[in-house]
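Hi,

Here is the structure I promised to pass on.

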Amino acid sequence: MKITPKNILRHELIGLPVEVHRSKNKYLEGIKGVVVDETMKMLVIETERGRKMVQKSVCDFIFTLPDGTKVLVEGKYLVGRPEDRIKKKIRTW
């Protein structure tokens, strides 16, 4: 299945370019890179200055899809084990 803005929450995030758009922790804002790992509560982002661990629940992320589309995702919807996220019932717009 092709990844789209409507189904991004039901897809693998590893390998997608990402930017921290907003965060309760101002030091995290602006971090850019590629998602290299994902845990229940964290995204590991490979940046130019090394790997950064970013807490999902306090950030909003902009993911760039393979077709170049940018999608804003609230981190609270990403919290949970990646393998369980595809089972969740999530209302989309």
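Leaving out neighbours within four places in sequence, Glu38 is in contact (heavy atoms within 4.5 Å) with Glu12, Leu13, Ile14, Leu43, Lys56, Leu78, Pro82 and Arg85. Before you read too much into that, note that this is a predicted model, where local features need pLDDT of at least 70 and side-chain atom pairs count only at pLDDT 80 or more, while totals for chains, interfaces and linings use all residues. Residues are numbered from 1 along each chain as its sequence is written, and side-chain values use heavy atoms, with hydrogens and water left out.

Back to Glu38: its relative accessible area is 7%, so it counts as buried (under 20%; exposed is over 50%, partly exposed in between, with a 1.4 Å probe and protein chains only). One of its contacts, Lys56, is also a polar partner, with 2.9 Å between the two side chains. A polar contact here is a pair of N or O atoms within 3.5 Å; within protein, one must be able to donate a hydrogen and the other to accept it, and residues adjacent in sequence count only if both atoms are side-chain atoms.

Lys56 is buried too, with a relative accessible area of 0%. You'll find Lys56 in the loop between β4 (50-55) and β5 (59-64). A polar atom of the Lys56 side chain also lies 2.8 Å from the backbone oxygen of Thr39.

Now the strands. Glu38 belongs to β2, residues 32-38; strands are DSSP runs (E, at least two residues), helices are H or I runs of at least four, and both are numbered from the N terminus. β2 pairs in the antiparallel sense with β1 (residues 17-23) over three bridges; to count as paired, two strands need at least two DSSP bridges between them. Within that pairing, Pro17 has Val34 of β2 as its bridge partner. β2 also pairs in the antiparallel sense with β3 (residues 42-47), over four bridges, and Val35 has Ile45 as its partner there. β2 and β3 make a hairpin with three residues between them.

As for the whole protein, there are six strands and one helix, in the order β-β-β-β-β-β-α along the sequence. The C-alpha trace spans about 35 × 25 × 20 Å along its principal axes. Of the 93 residues, 37% count as buried. Residues 24 or more positions apart make up 40% of the contacts with a separation of 6 or more.

Cheers
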